[in-house]
Amino acid sequence: NIRKTAIIGLGLIGGSIAKTIKRKHPEITVVACNRSEKALKSALSEGAADIVTRSVDENFSDCDLIFLCAPVETNLSFLPALKPYLKESTVLTDAGSVKGIIHSGVSAALPGAHFIGGHPMAGSEKSGYENSTDRLFENAYYLLTPGENVSDEETESLKQFIASLDAIPLVLSPAEHDHVTAAVSHVPHLAAYALVKLIADSDSPEEYMKRIAAGGFRDITRIASSDPTMWEQISLENRERISALLKTYINSLSGILELVERGDGEKLHKLFSDAKDYRDSMTLTSPGRGQRIFDFFCDIVDETGAINNVTAILFENCISIKNLSIVHNRSFEKGVLHIECYDEPGRDRAIEVLKLHSYKVYIFDK
């Protein structure tokens, strides 16, 4: 039963954790620690924190759960100061993208601490408390990596708490976490940076490539707008696993290059087809819950009020929408809305009424 929690580092993730806790569990006392006073004042005035401080002090006494949400080296520097305030039952967690280094650091500085590594698989290319939200973790994986001093009961308790924040907890070992995230997050970020550099280095003085870059290119390189300092740190902290997977990726690209140079259309088609099938299979279930996503796509004309017209039709027919987003590419003829419903009957009814209003819709799981 968590009555008091503290958060060190009030950026995008720390701020979102604070806001989500206060939205879902307003009875929990939240202590926020941050070196920037601006974020602390905002958190206090917005009700995201009950107590604010710029250093680890007596406000950390009697905490049931402490989140380390600063960069890894900063988190490690706070550990000695935390030692006097940790009670026997206090669980310590973090929110970093690499787990091996923080587990080793906690073991060295606080050998008896109950540490469970944490990594919310959510974020934005924007950083800072001003971009935090109380819904950042909805339906997002939240990876947990229990340390050696942690009981099964403590892990289960934190799992339940994370689930109560509308995230999807998944327990991995620290080594497994670092391998998995290197593949699905770290290497893709590096690939995005490399693609942007390719255009920057290959463009003409007139910058035609930059001017017409849109659709798919912007989608797959969006993450290259992420914080360079953070990705420098991640690349160094998880360099062994990133290096191994980068070599595998480079070998894969070399194989594709060979097929292109050889003009082997049959093998290229199989490569594209296999990759498409695997990628499409990722959209048929919601993360970690084994449930189908009841979604479809709807063409709209790119004009003022187009989205409002669609939502008004669905509202008039008492059809609830779980999620709605704009697809930022031109795979379809016009602008495209991605609409997700709560169940299959609702999705089918939405498709029916939109077709009656002459909208063109697409569905890919039938």
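1. The side chain of R241 reaches the backbone oxygen of A175 at 3.5 Å, a polar contact in the sense of a pair of N or O atoms within 3.5 Å, where, within protein, one must be able to donate a hydrogen and the other to accept it, and where residues adjacent in sequence count only if both atoms are side-chain atoms. This is a predicted model, in which local features need pLDDT of at least 70 and side-chain atom pairs count only at pLDDT 80 or more, while totals for chains, interfaces and linings use all residues. Residues are numbered from 1 along each chain as its sequence is written, and side-chain values use heavy atoms, with hydrogens and water left out.

2. R241 lies in helix α10, and it is partly exposed, with a relative accessible area of 29%; buried means under 20% relative accessible area, exposed over 50%, and partly exposed in between, using a 1.4 Å probe and protein chains only. Not counting residues up to four places away in sequence, R241 touches A175, D178, H179 and A182, where contact means heavy atoms within 4.5 Å.

3. Helix α10 (residues 239–262) packs with helix α11 (residues 265–281) at an angle of about 140 degrees, their axes being 8 Å apart. That angle makes α10 oblique to α11, because angles under 35 degrees count as roughly parallel, over 145 as roughly antiparallel, 65 to 115 as roughly perpendicular and the rest as oblique. The residues I256, L259, V260 and R262 in α10 meet K267, L268 and L271 in α11.

4. Is T90 buried or exposed? T90 is buried, with a relative accessible area of 4%, and its place is in the loop between α3 (72–82) and β5 (91–94). The side chain of T90 reaches the backbone oxygen of C63 at 2.8 Å, and, leaving aside neighbours within four places in sequence, T90 is in contact with C63, D64, I66 and H114.

5. D299, in strand β9 (residues 294–300), is buried yet has no salt bridge, since the nearest side chain of opposite charge, K360, is 5.0 Å away, whereas a salt bridge is a side-chain nitrogen of Lys or Arg within 4 Å of a carboxyl oxygen of Asp or Glu. The side chain of D299 does make a polar contact with the side chain of Y362, at 2.9 Å.

6. As for the whole protein chain, there are 13 helices and 12 strands, these being DSSP runs numbered from the N terminus, with helices (H or I) of at least four residues and strands (E) of at least two. Buried residues make up 40% of the 366 residues in the protein chain.

Methods
Lys, Arg positive; Asp, Glu negative; His and termini not counted. Axes fitted to C-alpha atoms, helices over the stretch in contact; angles between N-to-C directions.
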